Structure formats: C-alpha cells, structure tokens
Amino acid sequence: MVWMPDWLKKQWVEGLRPVFWMSLGALAFGTVVLANQPREKLSFTGGLAKQAADLQYPDYPKELKDRIHGSFALSKSNILKIDPNLSQEWGLASIGFFDAFSQIAPSAKPQGGTCPKEVIVAVIDTGVDYTHPALRDSLWINKGESGPWTPPKELADKGYAWNCRDKSCNGIDDDRNGYVDDVVGWDFVHDLPFPYDTHGHGTHIAGIVGGSAGMGTSGACPSVSLMALKYYDNGGAGFNNLSNTVRAIEYAIANGAQIINYSGGGADPAATERAAVAEAQRKGVLFVAAAGNDGRNNDRRPYYPASYPIDNLIGVASVNKFERLLPSSNFGKSVHVAAPGLMILSTLPGGKYGTMSGTSQATAFVTGAAALVASQLSLSGAFGAAAFDYRKVKNWILEGAKPMKLNASKQLLAAGLLSLPGSLQAQRSYVAKEVAKPASEVASAVRLAPTKTR
Ligand SMILES: [Ca+2]
Ligand SMILES: [Ca+2]
C-alpha cells in the first residue's frame, strides 16, 4: 500500500494555481555530492548548487542571502501594522491571537512584534517557498553553514574554481552534521540543501506557524525560526515518504529544533517513526501532529504519528469558525486539542496567498501557539535546549484550552479548543507558583523578566 499523507488525499485546496508543479521522479543524481561522504572525497565538479539547478528551483532571494551571509538585520515587521488581509484570517482571531499579543512583555518582541529567533520550529512537509516575502525572514539559518568563507589553498590546488565565498554554497559540510550546505533545512526527497516547495502545502503550513506579520497575513508566532524539512515527494512511494519523515525528524532533533510540526500520517504504525518520535521526546522536543482527516475516532482506529502513546505528542483536530469539529476531522480522547482548520488564509508559493483546510492547518496553529508561549521563557535570557520543556509547553496549551461546542457523537477530545490567552494565563499561573517558592527551588528556565509597560 502506498503511504500517503491524509491531507493530500482529502484536503480541499483553493488558490493553488500559482503552484509550480514539476515531475520529480525522472531526475538523475549519480553525480550528486552525497551528504555522508567524508570531506576529503568531496567532488567539486558541479556541486550541489549545480545539481539543484536541474530542479529549476528559484535562488534564495536577496534578503535571505543577506541573512545567510550575516550582513543584514531582520526587517522590522510589526504586528501592530494593520493588514487588510488579516480580517480574512478568522483562525488568528479564533485562537485569541490579537488579545494574546497585548499580554506579551515588550522585551519579548525584539524585532518589533515578532517571535524570538531562538525558538526553532521544524516544518516537516513538502518544503517551503523560501522566496516568499512573508517567509524569507522566518527561515531558520544554520549558523554552522553560513557566513564568509575563503577556499583553503589545498582546495584551490585541486581546481576549486567556482564563485562561492560563503559556507552556504561551498560544497562542504562545514558544521559536520552530515549534510552539505544545509543552510535553511534539507530536501530529503532529492538529498539536496534547497527544500523548495513545489506543492504548496508546506508553504501554507509555514505561514500559519510563523509567517511575518504585516506582509499579507501573519503566523501565530510571527518570524519565528522555521527549519524547512522537505520529506514529501509528489511521485514517491510510501516507503520513501516514511523513510524521509524519519530522517527529517532525526535532522530536526540533531539541529536544535524545539518543536516539530508534522501534518502527514497514516493508519499504519512504523517502528522507525515511533523510535524517532521517542528520540525527540528524550531530547525534549515537542511534536505537534495532525489527527487526520478521515472523520473517525482515533481511539478505535489510530492515526500515526499523532496516535503514538508518547507524551511529547500533541494530536490536533480541526474546527470551523463556529468552533464545531469539521466532519472530516478525526477525534477521540487520544486527540488533545482542536484548532481552526477550514479555509485558512496563508502563504502559497510564488508570493501568493490562498486558503486550505484540514487538520494540517489546525496543527500549524497549535505549533505556532506553542512557539509563542515557549518564547515567553526567552525573557529569562536562558532560552535553549535546557530551558525549553515540552511538558510545560504542552501542559500550558492543554490547560489553556477552552471548552468546545460538542457534537453529539464526536465530543471526545482530551482538552478543547486552542486558546492563546488561556495558555499564556496557564503559563503565568505556573510561573507565579514557581516564584512563590524559595529561590533555590525555582528553575532558571521559568524565571520571567519583570513585565514593564512603556
Ligand atoms: Ca552541514
Ligand atoms: Ca557548506
């Protein structure tokens, strides 16, 4: 059986005309510089950039290149900007996004209303349009593969001649993580460092999680660091999609993601996938996964990875603007929370915007909300792998959820509807309790800076 993400089978898609479709199956990679080759065996004839050129993916835009080169600060997108399209985005209003932002201390908004870059969210999907104006500021930049670089003499002697003077394009695995020139993520379908989205789904998800505010709409955690990991191949067999998923999860864990967003899945569990999610759990990574779009009870017929009994998972159902579960949404006690998922406006490839529906979109809202809530911990100045605690963030998301209007036969959800203000309140209550304890018992990770108003 060909394993296929449910969103691909069932998702209603609008506005995909600009999506750049192409055949991905007939490409030859015989001369690709393999990521796992020892450095001394690297071939510099051609290089990854030239191989990628065969795919006709667009080049990084200037703004992203400037960030990769380390020569340009982030643009000052501002959540207070009034964007006419925002009124079309009912999902943000539904989760209390506009109310929530007024609660966040000014010091948490270093770029004038954006989420801190220290929060890294891996979007494991069909890739991301890294040229999109609302996403190019939101991409994670691998510091180990960015910045100026000069070819050493021994390479020059071997005939290294092409015009690259940056770690992001030198054909070398500078940070030795097993992937050459992986500056914004990785394309696991082609084993190339350009995770461009030729489908549309991943770009849409990325925009909901962390698109820049004021550019057409806004992500729930604007301009957070999005690690673009492309696992899905339009023409790929099930095994490859599963294998790519596992590799992408492992990459996310190894390269510092605190949160993974995964909108795919299927009815069959896989030992390798389960092990990867468990490894994420051991490393403290939160894993937000779609409950699936089959309209069924996951307690009886599980949907993986959302249904693995691993406590770093948040399974997400989808609702409409009347806060009713979509008929297509899976449900069950093993599904934790519901979020907006019908006709959600977000980014599409080619600088476009459009609506898509399903538990995928709902999942992205929960991921963005988790990133926003987690980002509040950065106020302590101690954000990092040790400070991010998926248990706390998950608890705040679930405790802060609000009751749902119940469907008679589909009322089973562990918590309720995603609510950003509710989750921030749960976090504040927790912090207040921690602060009341003797200083010796207060973990540094939960210390909040004094809230000041200007
Ligand atoms: Ca690398
Ligand atoms: Ca490199």
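A nonpolar core is a set of buried Ala, Val, Leu, Ile, Met, Phe, Trp, Tyr and Cys residues joined through C-beta atoms within 7 Å. The legends below refer to a predicted model.

**Figure 1. The largest nonpolar core of the predicted model comprises 111 residues.** Val121, Val123, Val209, Leu229, Ala252, Ile260 and Val366 are the members with the most contacts inside this core. The element that gives the most to the core is helix H10 (residues 359-375), which supplies 10 residues. Ile260 has contacts with Ala122, Ile124, Ile249, Ala252, Ala280, Val285, Phe287 and Val288, leaving aside residues up to four places away in sequence. For the protein as a whole, 52% of the 454 residues count as buried. Of the contacts with a separation of 6 or more, 76% involve residues 24 or more positions apart.

**Figure 2. Seven strands form an open sheet with parallel pairing.** The strand order is S2-S3-S1-S4-S5-S6-S7. Strand S2 (185-187) and strand S7 (337-340) are the edge strands, each pairing on one side only. From one strand to the next, the twist averages 25°. In general, the strands of a sheet pair through backbone hydrogen bonds, either parallel or antiparallel.

Figure 3. H10 contributes Val366, Ala369, Ala370, Val373 and Ala374 to the contact, while H11 contributes Val393, Trp396 and Ile397. The crossing of these two helices is right-handed.

**Figure 4. Strands S8 and S9 form a hairpin.** Strand S8 (residues 344-348) and strand S9 (residues 352-356) run antiparallel and are joined by 5 bridges. One residue of this pairing is Leu345, whose bridge partner in S9 is Thr355. Between the two strands lie 3 residues. In the turn, Gly350 has a positive phi of about 85°.

**Figure 5. Helix H3 has its buried residues along one face.** Leu64, Arg67 and Ile68 are the buried residues of H3 (residues 62-69). Viewed down the helix axis, these residues fall within an arc of 100°, and they therefore line one face of H3. Gly70, just after the helix, takes a positive phi of about 75°.

**Figure 6. Pro269 occupies the loop between strand S4 and helix H9.** The loop connects S4 (259-262) with H9 (271-282). Is Pro269 buried or partly exposed? Pro269 counts as partly exposed because 13 C-beta neighbours lie inside 10 Å, whereas a buried residue needs 20 or more. Leaving aside residues up to four places away in sequence, Pro269 touches Arg274 and Tyr304. Tyr303 is 34 residues from Pro269 in sequence, and the C-alpha atoms of these two residues are 7.9 Å apart.

Technical notes: Residues numbered from 1 in each chain as written. Chains lettered and ligands numbered in written order. Predicted model: local features only at pLDDT ≥ 70, side-chain atom pairs only at ≥ 80, totals over all residues. Buried ≥ 20, exposed ≤ 12 C-beta atoms within 10 Å, placed from the backbone. Contact = placed C-beta atoms within 7 Å. Helix = DSSP H or I, 4+ residues; strand = E, 2+ residues; numbered from the N terminus. Pairing = 2+ DSSP bridges. Arc of directions from axis to C-beta. Left-handed = near helix turned anticlockwise from the far one by under 90°. Axes fitted to C-alpha atoms, helices over the stretch in contact; angles between N-to-C directions.
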